[in-house]
Structures are given as C-alpha cells and as structure tokens.
Amino acid sequence: MTLEATLLIAAAIFAVGLYGAISQQVVVMVMMGLELMINAVILAGAGFWWFLAPDPTGQVLLMLVIAAMTLEMAMGFAVATLLHRRSETDMTDMATELKE
Amino acid sequence: MSVVADVAFWVLGVLAVLAGAAVFVVDSMARATYALAVSFVAVGLQVLFLQQTYVGVVVILMMVMEMAIMAVYMVMFMGMNPALMPMSMVHDKRLALAAAIGTFLVLAAGVLLVDWPARRGSPPPDATRALGEALMGHKMLVMTVISPVMVATIVAGVVLASARTRYDRYGDDLRGAPDDPQPGGVGR
Amino acid sequence: MPELVPLATAVQAAAPVWSLLAAAILGCLVMLAAVLDGVLSARGNGAAGAGVGLRRPFAEAARLMRQRRRTTIEPDSLLWRIGGAGLLVAALLMVAVVPLGRWTVFDLDVGVVWFNAMDVLVWAFVWLVGWGANSAPSLVGGYRFLALGLGYELPLMFALVAPPIAAQSLNVGAVAAAQHGLWFVVWMPVAFVVYCLGVTAFSVWGPFAAAIGADLAGGVRAELSGVDRLVFELGRYALLAAGAAFAVPMFLGGGAGPLLPDWAWVLVKTAVLLAALVGLRRRLPVLRPDKLMEVGWLVLLPAVLVQDLVVAVVAAGRG
C-alpha cells in the first residue's frame, strides 16, 4: 500500500473509463465511462490525502468530487430522457444539434 | 496486519480495474451496470483502507444507489438488447483504445518518475470529525456553493425530463383537480 | 509505510469467532421471527392448535431444501444468485456494527453510515433477483422495489441522522452510550417510526411487500424455488432482524436496563421490536409504490426534517 500503487490503480481505472467515454455510442454507456473516470479521481484523491498531506481539510475535495459526480448523473439522466423523448434516439452520433 | 492490508488493497485495486473493464466488455445491460457498481464498491473499500472512513462508506452508499437507478435507465434506453442482437455499440474503437492506453502510459510514467514529496503533517486522530469540522468551519463555502447548485440541478433535471407540465396536469387556467394518470398517495 | 490505526484495530477486533457468534444470534432471531409469523398465520387462518404454526417454518424450510430447483429460459443465473444470497449478506454486514453489550464485531467509526450503505445494497439485490429470473412478473417486482426505494430511502436516511446529531458521533456504540437516562425514542418518536417503516420496507415486508405481491404471482420471488427461495426468505427475515437490532443502540438505549446484563437487554429489546414488526404485517394493507412515493416525499420527509431540526436545536442548546 503505497502512493505509487494507489495512483497506478487509479490511472488504470481512469484509462478504462476514458476508453468507454470515447468509444461508446449510447449516452448511458458514455456516462458510465465518465463515472469510471471520476471513480479514479476519488481513489487518487484519497491516496494523495493519506500519503502526502493528511491535513484535516483535505477530504473536502473528495466530497466535492462525489457531489460533482451526482450532479453529472442527474443531468445526464435528464438529458438522456429528453433526447430519447425528442428524437427517439439514445446514440451520441445522432445528437447533432450542437454540431451544426 | 500490514501484509494482509497490502494484499487486500491490491486485490481490491485489481478488482476495481477489472470490473471497470467488464463494463465495456459484457453484453448484458444489468451486468455492465453492476460491474460498475462493483468497481465503485472496491474503490470505496480502498478509500476505507486509506483511513477516510466516511468518504469510503459514502462512496459505496451513493454509487450502489446510483447504479441501481442506472440499471433502470440502461434497460430503458438501450432499446435493443445486445445479448439478443449482437452488434457493436462502439465507434472510433481504435482511437479510443489508443487514447486510453496512451493516457495510462503517460499517467503511469508520471506516477513512477515523479519524486513524490515526503508526507507533510500527520493524520487527524478522527478523520470524520475533521471532515465535519472543515465542512462546517472554514471550508463552509464549498457546501454553501454546492447546495444551490444541487437544488438547481434537481429543478433543471425535472424540467428537462418531465413530459407533463403543470398546464397538462391542471389545465390552462391551472385550477381544479390535477389530471394525473395515477393519483398520488396524499389525496391530491 | 504509514500506520493504519483506526481501521486496523476495527478489523482485528472482528475475530472470526465473534463474527460466527453474531451470525448465530442473527440466525436465532430469524428463527424467532419465522416461528412467530407462522403462529400468527396459523391463527389467522383458523388452524387448530399452536403446534401447526410452530412447525410451519421448519416444515417449509425442509420442503424447500428438498425441492428441486426450477429454472427459466435463459436466466442470468450469476446475477440471480448474487441477488438472492445478497440479502442475507447485507443483513450480516448490518449486524456487524451493532454493539452487543460491550462487544462489537466491526466497530467502525461511521457505523451509522455503514448501516445506511448496507440497506442501499438491498436495492441492488432485490432488483437483481427480479432481473436474473428473466421473467416478466419478477422484473416488474424488481422495478416496484426500486420505486418503493425512492419513496422510503430519503426519509429513512434522515431518520438515521437524528440519533447521531444528538450523540455527536456516527459510531453506533457512542450513539448507544449517549442515551443514558433518556432513550432517543422518547424525544425522537417521528424518527423512530420512520426508521421502523424503512426497516419493513427494505425487508420487503408487510405494507411494503408490493415487490413480492400476490398480484404479480409472487413478484421478484415468482421464479425462485428450492434453496434459492429459502435463502431469499431467510434474507428477508434477517434484514428485518438486523433492522430491529440496529434500532436498539440507535433509539432504544442500547444495553441499558435493570437486572440483566447489557448484552441480554440488547437481545430482549431486539426480540420485542422484531416481534412488533412481524405482527405489523397482519395489521396494514400493502401499499402501492407510487402512492408511497408521494407519502414519503410530502409527509414523511418533512416530518423527519422537522424532527432533525428539533434534535439539532436541542443538541446545540446542550452544547
């Protein structure tokens, strides 16, 4: 249990999440990729806190990350629902309103 | 104890990575979602090992709940069942793979090459209490900012997602009994 | 390597012997609840003699163990089994943080949050049981449970918040120790009632049993048979027992009581509350999940929040 070990695991999780977020076509699957990346951030943050600077206030950052993740989920679900209702699709490739 | 903790930490780490990878490999919506849940639980337990007990348990709590809901959305939105209709649900696979591997290599190189500083300070005797006092003390701004953002998110989420507005429920003059497909539990 | 002080001691204290003892006690409580339910059922059906009801749970267990497993077309057996066994595991992990007199198997400093996390696991497990069978009634039952969960979980969470505020600690033992003289149930009645509702809900019990309703041919357990069904039912009873056990340090003064030792009082109080929860099943009708949603968010949630406010003001006043 060292800082390097923690960060390596976090980097691997992050890379897997990045792969998912780029490659997946379905909105919900893209969100799962993003979640996985944030998961890695949580682990890395916890590792930094414990191994480098375990001061009393450091954990606040993690609470912020968790809050950000829930917001991302809530908005993601809402947008996915709206997308599905409006255009009967759940694929990112077909959501091109912002592209044109 | 230390060896046991080391082994457990590594096992959880490997489990978190493999479960994360399984999300994009398995062909069942439920399995993909709950693989992600397993990944989160493993990371939550690792955070427990890193002595942030509150954060660790909260990660488990929130993420299992979120994945339970996520599973519903998966089934709802992935109209075709990939298990029944095998088809590739990915685009730019090669690019994504390259980006992911490249990112991992860069991050791993950084992790191993950077000369990490020695630990500064010592952990508080009660990390949970320290977190609570920080949130309610001089880091209070964080929570005061998050709270309105969360409220705004709830409102925005409902506005985006709900199909029926109050005009659909109460009619154009917004009077009378609501026209709901199913009445609620408190007699409205 | 930095030392692992609090967690290491917590884990080391979780000696296997004590874990087994905790599991055995939970098993006894499950048996108690099942027998009581059997007796009440027999009496409700007008069956003659108490013996029928007493034998009933054992006869049912023996029948299920001998029954050959039925299976469906293309079930997701992995998830199905995980969900079925998960309820029992979640219940065991819940009682792990409950102090029995002086002893606690897993004395985590955030035990209350741990309990909450374990009861959220039940969401996943019940839905997985419904999903795994690959059958429509099961899956509808699983969705019903999630809908129910959205209704009961937030009130339950805020009910769990009240005792730690008063005790100024998330440690279950500290919460129990903080109520010397005055039990929390006395001045947190709303939180206690909502907590009990939450326990019945995550045990898929009584008024919250829509997920296994007869109108769905058994809902999530429609396709469960043999040992799988036995484990699922054991899990439900175990969750009910674990919820009752956790109420003791949270609201009912922990091991406080005259004459008997601490651990005995914990068991007595748990058994009494468990019996009350079992009896509740015959008193209340099954709620529709969508009705519960509105009740939960418009009645229970504000009520519990007011309760929390009162508790917080009192706690701040006492310093």
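**Briefing on a predicted multi-chain model**

Chain C holds 12 helices and 0 strands, where helices (H or I, at least four residues) and strands (E, at least two) are DSSP runs numbered from the N terminus. This is a predicted model, in which local features need pLDDT of at least 70, side-chain atom pairs count only at pLDDT 80 or more, and totals for chains, interfaces and linings use all residues. Residues are numbered from 1 along each chain as its sequence is written, while chains are lettered from A and ligands numbered from 1 in the order in which they are written.

**Chain C as a whole**

- From the N terminus on, the elements of chain C follow the order α-α-α-α-α-α-α-α-α-α-α-α.
- The C-alpha trace of chain C spans about 60 × 55 × 45 Å along its principal axes.
- The radius of gyration of chain C is 20 Å, which agrees with the value near 20 Å for a compact globule of 319 residues; this radius is taken over C-alpha atoms, and the globule rule is 2.2 Å times the number of residues to the power 0.38.
- Of the 319 residues of chain C, 51% count as buried. A residue is buried if 20 or more other C-beta atoms lie within 10 Å of its own, exposed if 12 or fewer, and partly exposed in between, with C-beta atoms placed from the backbone.
- Among contacts in chain C with a separation of 6 or more, 80% join residues 24 or more positions apart; two residues are in contact if their C-beta atoms, placed from the backbone, lie within 7 Å.

**Residue D228 of chain C**

- D228(C) is placed in helix α10 (residues 226–251) of chain C.
- D228(C) counts as buried because it has 25 C-beta neighbours inside 10 Å.
- Leaving aside residues up to four places away in sequence, D228(C) touches R69(C) and G84(C).
- From C-alpha to C-alpha, D228(C) and A85(C) are 7.9 Å apart in space, although 143 residues apart in sequence.

**Chain B: domains and spans**

- The domain assignment of chain B gives domain 1 (1–81) and domain 2 (126–181); such bounds come from an automatic or database domain assignment.
- The centres of domain 1 of chain B and domain 2 of chain B, taken over C-alpha atoms, are separated by 27 Å.
- An unreviewed UniProt entry lists residues 7–26, 33–49, 55–75, 95–114 and 140–161 of chain B under "transmembrane region". UniProt positions are given in the numbering used here, feature names are shortened, and annotations may be inferred rather than shown by experiment.
- Residues 55–75 of chain B are 100% helix and 0% strand, with end C-alpha atoms 30 Å apart.
- Helix α6 (residues 140–161) of chain B has 22 residues and reaches 32 Å from its first C-alpha to its last, close to the 32 Å expected at 1.5 Å a residue; the expected span is 1.5 Å times one less than the number of residues.
- The number of buried residues among the 22 of α6(B) is 1, so this helix lies largely in the open.

**Contacts between chains**

- Between chain A and chain B, 64 residues of chain A are in contact with 72 residues of chain B.
- On the side of chain A that touches chain B, α3(A) gives the most, with 20 residues.
- That side of chain A divides into 46 nonpolar, 12 polar and 6 charged residues; Ala, Val, Leu, Ile, Met, Phe, Trp, Tyr, Cys and Pro count as nonpolar, Asp, Glu, Lys and Arg as charged, and the others, Gly among them, as polar.
- The contact of chain C with chain B takes 32 residues from chain C and 30 residues from chain B.
- The largest share of the side of chain C that touches chain B, 10 residues, is from α5(C).
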